Amino acid sequence: MRPGRTLSTRSYTSEALPSSPEGPTVSPGGQGSGRVGILYEVYYRTSRGGIGIPYLLAKMEFLRVFQGHSPEVGREMWVRHKMRVDLPLDPGQVSAVASNLGYTEAILHLRFEPHDGQEIDPIEPGRWHAGWVREGSSRVYQSEVYVQDADALLELAPDRRGFEVRQGAGTRRAVGHRSHRALSTLDARFLVNVARSKSSDLLLDPFAGFGRLVSEIRRRGLKVVAADVDRDLLPGFRAIGANVGLVADARCLPVKANRFDLVVTEPPFRSALRTSVLDSLREVVRVLKPGGHMVVMIAESMEKDVRMWFGEMGAGVDSVGVIPRGGGLKCPVLDITIPHC
Ligand SMILES: C[S@@+](CC[C@H](N)C(=O)[O-])C[C@H]1O[C@@H](n2cnc3c(N)ncnc32)[C@H](O)[C@@H]1O
């Protein structure tokens with residue numbers, strides 16, 4: 001242990017850590033491992049569009065995105081959708097990584113000092129407080145490192161952004177089109193974050209629809225092939241920068257075998273299309289490389305069959321969680337690993 005530093009196995013919150021305006025603080029969670037990290041408080045979104053976001057999904061996304069940085073989780077407050085985490089990253093680095101998160105609303109940097117009796121300003125009402133707060137025998141300076149840009153997100157919302165669809169010889173901007181239901185930006189970010197823990201530079205979305213996943217993948221500078229059976233969507237694929245846009249039935253893709261490491265997709269939910277969705281699985285496996293992955297958000301009613309189908313072919317099927325959506329929809333997300341032979 002470094003001289004002058006206090007380590008404890010008690011929770012972060014009651015611990016007085018040494019003063020360090022920007023530099024690292026030794027976290028109690030690091031005891032034994034000898035880790036030196038910086039303590040952050042993460043505020044997860046509780047809902048989007050009036051629909052709840054489960055705490056565990058938000059936490060899982062955060063940990064996946066920061067997993068290369070060995071995050072150590074401290075105190076968690078599920079009800080208030082917040083947790084403390086120790087990261088070996090400075091605030092600028094944390095902010096850069098966090099900008100891809102969907103379900104994280106804000107991250108504060110915490111600096112603990114022994115409480116010397118000085119008066120502390122009252123806490124403003126709100127989800128978090130930037131400034132000094134009292135915590136046990138310590139005072140803590142909390143500063144905002146990252147806050148999700150609510151206005152920018154609003155601009156990207158499906159009902160604002162629209163999508164180019166073909167009309168006659170030209171195109172029109174549409175916010176809805178036949179039965180297409182676009183994903184929210186935050187859900188699209190979540191799915192791409194889950195998928196990105198598998199590294200790949202070329203992705204496929206064979207049920208691309210209004211391209212929410214495709215746009216998110218492009219925003220990160222990755223290459224993506226967008227395909228959909230509806231030919232009217234082709235101009236939209238071009239407009240959002242898909243590297244390749246295909247009019248194709250997912251049961252018969254004009255793509256060579258073993259072409260992709262990763263498929264991220266949201267097939268249709270309608271029960272009338274159930275057989276066609278299940279039939280497309282064989283094709284997805286054909287175009288994926290052995291050891292490749294598929295991250296899929298599926299209708300609850302199809303989950304069992306999808307699991308069984310992949311299970312029988314020896315694929316690994318992990319449950320990522322269930323995303324609640326409008327109209328009472330519950331959407332399981334599966335992370336599937338194709339076997340090597
Ligand atoms: C739930 S939507 C995808 C929405 C998309 N993730 C988004 O956020 O915009 C499902 C899409 O699958 C397409 N689709 C339905 N059956 C298909 C098939 N057999 N092959 C390819 N696409 C199909 C529909 O045209 C629809 O655009």
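The buried residues of α8 are covered by, among others, β14 (260–265), β15 (288–297) and α9 (300–312). The model is predicted. Buried positions in α8 are V277, S280, L281, V284 and V285. An α-helix has 3.6 residues a turn, so residues three or four places apart point the same way.

How far apart are the end C-alpha atoms of α8? They are 21 Å apart. Helix α8 covers residues 274–287, which is 14 residues, and at 1.5 Å a residue it should span 20 Å, so the two values agree.

The sheet is open and has seven strands, in the order β13-β12-β11-β14-β15-β17-β16, with mixed pairing. β13 (244–247) and β16 (316–324) are the edge strands; each has a single partner strand, so one side of each lacks a neighbour in the sheet. From one strand to the next, the twist averages 20 degrees.

Strand β12 (residues 223–228) runs parallel to β13, joined by four bridges. D228 sits opposite V247 of β13.

| Helix | Strands touched | Angle |
|---|---|---|
| α8 | β11, β14, β15 | about 135 degrees with β15 |

Note on methods:
Residues numbered from 1 in each chain as written. Predicted model: local features only at pLDDT ≥ 70, side-chain atom pairs only at ≥ 80, totals over all residues. Helix = DSSP H or I, 4+ residues; strand = E, 2+ residues; numbered from the N terminus. Expected span 1.5 Å × (residues − 1). Buried ≥ 20, exposed ≤ 12 C-beta atoms within 10 Å, placed from the backbone. Contact = placed C-beta atoms within 7 Å. Pairing = 2+ DSSP bridges. Axes fitted to C-alpha atoms, helices over the stretch in contact; angles between N-to-C directions.
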